[in-house]
Amino acid sequence: MEWHNIIGPILGMLGVPIGLLLGEYLRRQRRTEQFAAMIFTNRLEAYDGLLSVVNEGSSIAGEVIDNPELSQDERHTLISSAIGLVAAHANQKALYIDGELGAHCTALFMGIEDLAALSENEQTSFLTNYYKQLREAKRMIAEDAGVAQINKLFQDINSPRITSPVIDRIRELKHIQGD
């Protein structure tokens, strides 16, 4: 028997399982891509909701910080409601929200109700840390949601010149703070 007569059938026998494996691989890739878009949309909605409840909690915290007329019980009730909003959302969307980030956002407002009992120096230190942690929470939400990367991509594509005296000052302050 000559080799050239055997090569065709051997290649045919090898081609069938290779074709089946390649077809299955491509089918799984296509299926993964279909689910990726749906998962990205759900993650984006979950993180958008997280940002909303963090902002709402921040407004509540601002009321507690700025209103010395509130009693300890009122401060505690308000801050507990802010913490509850964030915790409920993080738990409800736990499939999409990073657990550590959800815990960070939940703990963000803890201790604000006790601010009035602190000395002026302690209040300043506490508030500096609180506002830093709030900025970090918002940054982490944007990064984990994928929005930060997409916005950076759009900036690279468009190369916009976004500048004004206010924006320049914001950039200067960010540089000073190390953000």
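These legends describe close-up views of a predicted model.

**View 1. The largest nonpolar core.**
The largest nonpolar core of the predicted model contains 27 residues. Those with the most contacts inside this core are Leu-50, Val-54, Cys-105, Phe-109, Ile-112 and Tyr-130. Two or more residues each come from H1, helix H2 (72-92), helix H3 (99-107) and H4. H1 gives the most, with nine residues. Leaving aside residues up to four places away in sequence, Leu-50 touches Val-86, His-89, Ile-97, Cys-105 and Ile-141.

Ser-58 is placed in helix H1. Its relative accessible area is 18%, so Ser-58 counts as buried, the cut-off for buried being under 20%. With residues up to four places away in sequence not counted, Ser-58 is in contact with Phe-109, Tyr-130 and Leu-134. Two of these partners, Phe-109 and Tyr-130, are listed among the core residues with the most contacts.

Phe-126 belongs to helix H4, which covers residues 120-145. The contacts of Phe-126, not counting residues up to four places away in sequence, are Met-110, Gly-111, Ile-112, Leu-115 and Leu-118. One of them, Gly-111, is 15 residues from Phe-126 along the chain, and the C-alpha atoms of the two are separated by 9.0 Å.

**View 2. A nonpolar patch on the surface.**
Ile-7, Ile-10, Leu-11, Met-13, Leu-14 and Ile-18 make up a nonpolar patch on the surface. Together these residues have about 610 Å² of accessible area. One of them, Met-13, is found in helix H1, which runs over residues 3-66. Met-13 has 62% relative accessibility and therefore counts as exposed, since the cut-off for exposed is over 50%.

**View 3. Arg-27 and Glu-24.**
The side chains of Arg-27 and Glu-24 are joined by a polar contact of 2.5 Å. Arg-27 lies in helix H1. With a relative accessibility of 35%, Arg-27 counts as partly exposed.

In the whole structure, a search finds five salt bridges. Arg-43 is partly exposed, with a relative accessible area of 23%. Asp-144 is also partly exposed, at 30%.

**View 4. A salt-bridge network.**
Salt bridges link Glu-136, Arg-139 and Glu-143 in a network. Within it, the side chains of Glu-136 and Arg-139 meet at 2.7 Å, N to O. These two residues are three residues apart in helix H4, so about one helical turn separates them. Glu-136 is partly exposed at 24% relative accessibility, and Arg-139 is partly exposed at 35%.

Glu-172 and Arg-169 form a salt bridge in which the closest N and O atoms are 2.7 Å apart. Both residues lie in helix H6, residues 165-177, and are three residues apart, about one turn of the helix. Glu-172 counts as partly exposed, with 43% relative accessibility. Arg-169 is partly exposed as well, its relative accessible area being 41%.

Methods
Residues numbered from 1 in each chain as written. Predicted model: local features only at pLDDT ≥ 70, side-chain atom pairs only at ≥ 80, totals over all residues. Heavy atoms only, no water. Patch = residues over 30% accessible without salt bridge, like charges linked within 9 Å, V, L, I, M, F, W, Y side chains within 5 Å. Areas by Shrake-Rupley, 256 points an atom, 1.4 Å probe, with all protein chains shown as cover. Salt bridge = Lys/Arg side-chain N within 4 Å of Asp/Glu carboxyl O. Helix = DSSP H or I, 4+ residues; strand = E, 2+ residues; numbered from the N terminus. Buried < 20%, exposed > 50% of the residue type's maximum accessible area, 1.4 Å probe, protein only. Contact = heavy atoms within 4.5 Å. Core = buried A, V, L, I, M, F, W, Y, C linked by side-chain atoms within 4.5 Å. Polar contact = N/O pair within 3.5 Å; in protein donor to acceptor, adjacent residues only side chain to side chain.
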